[in-house]
Amino acid sequence: MMIDDTSSVASRDGLEKASLLARIKAGIAWRRGLVRARMQARFGPISHVRTTEPVVALTFDDGPHPQFTPQLLEVLRKHGAHATFFMLGTMARRHPEIVREVAEGGHAIGNHTLNHPSIPLVSRPERWRQIRSCSRALKPYEQKLFRPPYGHYDLGPCVDAAMLGYSIIGWNAHAFDWLDHDPEWMAEHMIAHLQPGSIITLHDALYSMLDEKHADRIPTIHAVDLLLEKMSHRYRFVTVPELLKHGTAEHWSCFGKVDLEFLSRLKPNDGSVREYNANPAGKCSADNFRR
Ligand SMILES: [Zn+2]
């Protein structure tokens with residue numbers, strides 16, 4: 001009898017300990033989730049806006065380009081659409097008159113670094129230099145919006161951009177316009193992924209590419225024309241700052257990923273060669289990054 005009682009007490013104690021341990025583990029997981037959600041809301045790039053209003057933001061990266069950006073501006077003007085241009089400092093220095101024309105057309109201008117490095121792969125001082133130099137080149141038209149080149153980011157670079165006062169802007173729709181697609185396919189692809197609050201990413205220039213033929217931006221400009229022709233009666237195409245007024249921003253995780261294999265296949269459009277393996281932080285490995 002005594003043995004039975006002792007055994008049942010021991011078993012009850014064991015169950016209580018297990019239950020306490022489970023509760024502690026659940027508490028830790030809950031706190032971790034909370035911290036992660038707060039960090040994501042603070043530092044994760046904005047992917048889109050949660051809204052029921054029919055507003056969408058078109059964004060264009062890597063310009064301004066002397067041939068393609070003015071043609072694109074004409075298409076946007078024709079449809080009464082506004083967009084956001086994430087410009088490179090090097091391109092802005094070469095074409096300040098186009099930067100001014102974009103701003104005077106009522107479009108927003110954001111920062112896309114000086115010359116398009118994958119920012120998790122460069123040192124912190126270099127990241128700050130890239131963003132600040134671009135900012136100087138865009139003066140006085142820059143708004144505090146930052147888009148990381150290639151969509152490569154991680155917590156450190158996001159914190160850096162936030163410390164410099166920028167909102168980090170990602171996307172939730174695109175048209176694979178850095179590849180070989182005709183305008184009709186790209187327009188249909190965008191329409192299929194369009195929803196209120198979407199941020200669409202496109203390119204009015206390409207800093208680097210898989211094949212030189214992709215440098216031609218005319219197919220993208222035609223795709224934008226088709227998209228606006230078909231969808232302007234249903235959606236208002238606004239700048240990112242305007243879009244952000246219409247709802248709650250949704251964010252990517254603050255932990256990004258770098259596709260080194262893709263980077264190694266790209267040909268820079270400016271004739272330069274970028275050697276990522278020379279990263280001063282010594283972290284040039286996909287293993288250092290996670291999504
Ligand atoms: Zn870019």
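**Domains first**

I began with the two domains: the C-alpha centres of domain 1 and domain 2 lie 46 Å apart. A note for myself: this is a predicted model. The domain assignment gives residues 1-43 as domain 1 and residues 46-288 as domain 2. How many residues of domain 1 are in contact with domain 2? I found 4 residues of domain 1 in contact with 7 residues of domain 2.

**The whole chain**

Next I looked up the overall figures. The protein has 291 residues, of which 38% count as buried. I listed 10 helices and 12 strands. Along its principal axes, the C-alpha trace spans about 95 × 50 × 35 Å. I also checked the contacts between residues at least 6 apart in sequence, and 83% of these join residues at least 24 apart.

Then I picked a stretch of strands to trace. Strand β4 (residues 108-111) pairs with strand β5 (residues 142-146) over 2 bridges, in the parallel sense. Which residue of β5 stands opposite Ile109? I noted Glu142. Between β4 and β5 the chain passes through helix α5 (residues 124-138), and this β-α-β crossover is right-handed.

I carried on along the chain from there. β5 also pairs in the parallel sense with strand β6 (residues 167-168), again over 2 bridges. Here I wrote down Ser167 in β6 as the bridge partner of Leu145. The chain gets from β5 to β6 through helix α6 (residues 155-163), and I logged this β-α-β crossover as right-handed.

**A closer look at α8**

My last stop was helix α8, which runs over residues 218-231. With 14 residues, α8 reaches 20 Å from its first C-alpha to its last, close to the 20 Å expected at 1.5 Å a residue. Which residues of α8 are buried? My list reads Thr220, Ile221, Ala223, Val224 and Leu227. Why do they sit on the same side of α8? They cover an arc of only 160° around the axis, so they share one side of the helix.

I finished by asking what covers the buried residues of α8. Two strands are among the elements I noted, β2 (55-61) and β8 (199-203). Helices α2 (68-79) and α7 (183-193) are also included in that cover.

Note on methods: Residues numbered from 1 in each chain as written. Predicted model: local features only at pLDDT ≥ 70, side-chain atom pairs only at ≥ 80, totals over all residues. Helix = DSSP H or I, 4+ residues; strand = E, 2+ residues; numbered from the N terminus. Expected span 1.5 Å × (residues − 1). Buried ≥ 20, exposed ≤ 12 C-beta atoms within 10 Å, placed from the backbone. Arc of directions from axis to C-beta. Pairing = 2+ DSSP bridges. Right-handed = clockwise from strand over helix to strand, strands pointing away. Domains from an automatic or database assignment.
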